[in-house]
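Welcome! Please keep the view open as you read.

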Number of protein chains: 2
Amino acid sequence: MEKKTDVLVIGGGPAGMVCALTARKYYPEKSIIVMKDVEEGVVPCGIPYMLSALKDPRDNASGSGPLTKKNISVVIDRAIEIDRAGKVALTESGDKYNYDKLVLAVGSSPITPPIPGIDQEGIFLVKKELPYLLKMVEEMKSLRRVLVVGGGFIGIEFADELSHLEDHQVYLVELLPRLLANSFDPEFSALAEDKLREEGVKVMTGIEVTEFLGNGRVEKVRFSNGEELEVDGVIMGIGANPNVDLAATADLVLKGQKGIWVDEYLRTIDPDIFAIGDCATKRDFYTRKGISVMLASTATAEARVAGANLFKLKVIRENKGTIAIYSTYVNGLVLGSAGLTEISAEKEGFEITVGTAEAVDKHPASMPFASPVRVKLIFSRHSGIILGGQVAGGISSGEIINIIGMAIQKRDSLTELETLQMATHPWLTTAPTKYPLVMAALAASGEIIV
Amino acid sequence: MEKKTDVLVIGGGPAGMVCALTARKYYPEKSIIVMKDVEEGVVPCGIPYMLSALKDPRDNASGSGPLTKKNISVVIDRAIEIDRAGKVALTESGDKYNYDKLVLAVGSSPITPPIPGIDQEGIFLVKKELPYLLKMVEEMKSLRRVLVVGGGFIGIEFADELSHLEDHQVYLVELLPRLLANSFDPEFSALAEDKLREEGVKVMTGIEVTEFLGNGRVEKVRFSNGEELEVDGVIMGIGANPNVDLAATADLVLKGQKGIWVDEYLRTIDPDIFAIGDCATKRDFYTRKGISVMLASTATAEARVAGANLFKLKVIRENKGTIAIYSTYVNGLVLGSAGLTEISAEKEGFEITVGTAEAVDKHPASMPFASPVRVKLIFSRHSGIILGGQVAGGISSGEIINIIGMAIQKRDSLTELETLQMATHPWLTTAPTKYPLVMAALAASGEIIV
């Protein structure tokens with residue numbers, strides 16, 4: 001079968017869906033097809049929460065409803081080759097799709113490290129496939145001793161969730177000397193580790209898994225320090241690689257690049273082909289260097305840029321480059337990070353000034369449900385421009401990190417933050433006299449710290 | 001007694017305290033005195049919460065500890081006259097304070113409308129005086145039928161708190177046809193009214209109190225529609241006027257101005273005298289017109305500008321003008337407003353485009369403790385610059401309004417918000433595909449709404 005479409009989006013994850021919906025808004029007259037491998041995907045950030053927080057793990061499924069409602073056709077098939085000259089995508093089932101504009105939103109695949117014994121039963125990767133994950137959830141609930149490999153976001157979220165299951169002993173192992181090391185400075189990493197230990201997770205850092213032992217089903221794990229641990233199951237959360245096989249059939253992957261190369265408007269080297277989300281290269285907001293940020297939020301921001309700009313550049317992208325902006329929730333503590341950490345800023349060669357503040361997230365401090373909140377801000381010492389920030393605190397910290405994110409995107413300065421106008425309320429925020437973003441900026445501005 | 005000081009701050013509320021502390025940071029060598037009427041003041045925004053949310057109403061007291069710790073002298077006295085030529089402040093107790101720089105942070109006083117019978121027992125104003133408020137709290141707890149006059153922030157917060165006291169019937173009366181009419185558009189006002197009715201508050205709008213009846217103690221209230229209501233107590237929350245008597249002794253109050261006139265750096269017409277907070281005039285961020293915004297958060301932002309700039313302008317104020325930025329909490333619902341509403345923007349003559357979005361503040365929507373969240377954004381139609389926003393939702397909405405506030409202060413555009421990079425997390429925020437600030441911006445950008 002041969003089909004013609006104005007826009008073909010390959011990939012039905014958050015990037016593909018949002019790109020198609022944005023394109024529908026900006027180009028109401030165009031025909032749009034979204035091609036996905038499976039009818040039902042999952043919300044990527046919700047995967048760990050299928051274990052305990054969500055009563056029904058199927059609540060994390062993600063279907064095609066939002067697309068078909070907007071007159072976007074959905075095709076379940078797998079594209080296997082792109083013919084750029086002919087502007088055709090060929091599929092596994094033998095169909096041909098002629099496109100005017102093509103969007104690759106094909107995501108990433110979990111890394112499977114070459115550890116002996118990794119192919120055994122009981123060892124799960126974080127695949128974005130609903131049936132696989134439902135099986136994982138069911139099995140995990142029935143086990144007792146589970147090891148999570150990887151101390152990044154996905155790893156600590158799995159460890160947190162597993163610890164809420166009855167009668168589970170959870171272990172977390174991280175190769176680096178501390179958790180969340182790429183996104184947080186050590187004092188924030190320590191908070192995450194404390195919170196996991198508090199709920200009984202055994203955290204091991206600076207240690208590598210060298211072998212999975214068992215007879216077809218994992219029974220024991222051997223570590224780089226020679227120790228062994230008996231386990232009933234393992235979750236591998238050590239990261240993902242961009243899916244580039246399809247793009248490679250059209251020579252869209254440049255030498256030395258891990259993802260599909262794109263320009264500021266998510267266009268590949270072929271002006272009629274865009275790539276967005278995990279499969280596309282990213283440039284750091286500050287340094288323009290290539291960075292690896294695989295987040296649904298980043299993917300959807302890119303999808304909106306691409307979706308609006310498929311035929312002509314309509315929406316100018318003012319925030320050039322990608323900001324790593326994360327939040328997570330561990331045993332009641334919110335941790336957020338945006339932009340550069342103190343360590344990454346130093347490593348990139350920035351001369352910086354740093355300010356921290358601690359307060360309570362309601363006022364007076366004896367208001368019900370008050371939590372401590374801690375903010376760290378990193379500024380360029382001379383230009384005073386904000387480079388990054390981290391927050392640890394109660395639920396609202398999940399949006400405080402987005403204030404910091406906007407400050408970064410708008411190149412806010414230290415003195416602007418010092419005199420920020422903000423809303424404060426006893427039930428909702430720190431007191432205006434101690435609002436932590438303001439106090440951290442004041443602290444960073446040198447001289448005597450108030 | 002005659003005293004000399006480099007900096008004299010008159011007023012010990014949030015503005016005075018923060019100004020003195022900021023001055024201490026920027027001018028470590030200067031002598032600083034804060035003069036206040038009473039030893040113990042209160043946190044202004046916490047006043048309603050002395051009734052129920054705070055177990056001990058004294059937790060809302062605000063003492064001098066933070067000042068004296070930073071080597072700032074505190075004097076309990078009342079300034080009654082300023083001699084600008086001599087650079088001297090004279091006090092009630094007969095002392096003279098020679099200053100180099102003077103900061104007036106003398107606040108505002110609750111409006112007492114000339115309603116017959118208003119001087120009776122059982123009728124309270126919202127004074128920022130601890131003993132007065134402690135008496136009010138004690139009395140209110142023992143009453144049964146209480147009327148709150150005024151449907152602005154303070155009025156609805158009092159009504160909400162009173163409704164949490166056992167066996168209380170609470171009435172709220174507002175002269176205008178709806179609650180929070182100066183800060184919210186009607187659909188948000190309606191949410192506040194619904195929430196109050198849900199907890200049993202009888203809300204009356206478009207009605208005025210014409211008389212308080214009683215024999216020295218209020219027993220009955222007569223309204224403009226002829227109805228009468230039996231009450232045991234009344235709280236008057238209809239607003240405040242700037243305290244200008246002291247400034248008037250030095251001719252610092254200009255004709256036709258309600259507060260003390262100040263420039264962009266909070267300097268009065270006398271370059272050695274600053275005025276900050278409720279007692280100082282404010283100019284609207286968009287129109288530069290005089291506006292009345294009396295908020296501790298606004299006051300502290302001004303205090304930080306003034307405190308840093310007492311001797312030379314050190315910290316440039318980039319966000320010129322005042323943004324009205326508010327949040328409140330009514331029966332579990334957070335309401336926030338920043339900048340212009342749709343109605344106020346229209347009234348000021350702006351050609352606007354408006355977008356709204358509704359979502360759930362966690363994802364998937366079945367995550368525990370998820371609340372609906374609703375955002376409305378107002379943009380200049382042609383320049384695309386954000387003019388204002390409103391939010392209604394769960395606890396995090398108290399910081400979402402501060403994202404909108406920063407967007408306003410940084411003159412963020414519609415297309416920048418459409419492609420905002422933000423952190424999202426199942427426990428903490430709406431899904432990245434539906435993040436309400438982004439979706440409201442998309443909705444405002446015309447054409448077909450996604």
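## How the two chains meet

Two residues count as being in contact if their C-beta atoms, placed from the backbone, lie within 7 Å. With that in mind, let us look at this predicted model. Chain B and chain A meet in a contact that takes 80 residues from chain B and 80 residues from chain A. On the side of chain B that touches chain A, the elements giving two or more residues are α1 (14-26), α7 (296-308), β22 (325-330), β23 (333-339), α9 (397-409) and α10 (414-418) of chain B. Which of them gives the largest share of that side? The largest share comes from α9(B), with 10 residues.

The side of chain B that touches chain A has 43 nonpolar, 24 polar and 13 charged residues.

## How the copies are related

## A helix pair across the interface

Now find helix α9 (residues 397-409) of chain A and its partner α9(B): their axes come within 8 Å and cross at roughly 10°. Angles under 35 degrees count as roughly parallel, and α9(A) and α9(B) are therefore roughly parallel to each other.

From α9(A), the contact is made by A:Glu399, A:Ile400, A:Asn402, A:Ile403, A:Met406 and A:Ala407. From α9(B), the residues are B:Glu399, B:Ile400, B:Asn402, B:Ile403, B:Met406 and B:Ala407. By class, the contact of α9(A) with α9(B) divides into eight nonpolar, two polar and two charged residues.

## A helix pair within chain A

Next, stay inside chain A. Here helix α1 (residues 14-26) packs with helix α7 (residues 296-308) at an angle of about 30°, and their axes are 8 Å apart. These two helices, α1(A) and α7(A), are therefore roughly parallel to each other as well. The crossing in which α1(A) passes α7(A) is right-handed.

Among the residues making this contact are A:Val18, A:Cys19 and A:Thr22 of α1(A), together with A:Ala299, A:Thr300 and A:Ala303 of α7(A). Sorted by class, the contact of α1(A) with α7(A) has 11 nonpolar, three polar and two charged residues.

## Two open sheets in chain A

Let us finish with the strands. In chain A, five strands form an open sheet with parallel pairing, in the order β10-β17-β11-β12-β13. Its edge strands, each pairing on one side only, are β10 (123-125) and β13 (202-205) of chain A. On average, and with direction ignored, neighbouring strands of this sheet are turned by 20° against each other. Strand β11 (residues 145-149) of chain A pairs with strand β17 (residues 233-236) of chain A in the parallel sense over four bridges. Which residue of β17(A) stands opposite A:Val149? The residue is A:Met236.

Another open sheet of chain A has three strands with antiparallel pairing, in the order β14-β15-β16. The edges are β14 (209-214) and β16 (228-230) of chain A, each of which pairs on one side only. Neighbouring strands of this sheet are turned by 25° against each other on average, direction ignored. Strand β15 (residues 218-223) of chain A runs antiparallel to β16(A), and three bridges join them. A:Val221 has A:Leu229 as its bridge partner in β16(A).

Technical notes:
Residues are numbered from 1 along each chain as its sequence is written. Chains are lettered from A and ligands numbered from 1 in the order in which they are written. This is a predicted model: local features need pLDDT of at least 70, side-chain atom pairs count only at pLDDT 80 or more; totals for chains, interfaces and linings use all residues. Axes are lines fitted to C-alpha atoms, for helices over the stretch in contact, and angles run from 0 to 180 degrees between N-to-C directions. Angles under 35 degrees count as roughly parallel, over 145 as roughly antiparallel, 65 to 115 as roughly perpendicular and the rest as oblique. A crossing is left-handed if the near helix is turned anticlockwise from the far one by less than a right angle, and right-handed if clockwise. Ala, Val, Leu, Ile, Met, Phe, Trp, Tyr, Cys and Pro count as nonpolar, Asp, Glu, Lys and Arg as charged, and the others, Gly among them, as polar. Two strands pair if DSSP finds at least two bridges between them.
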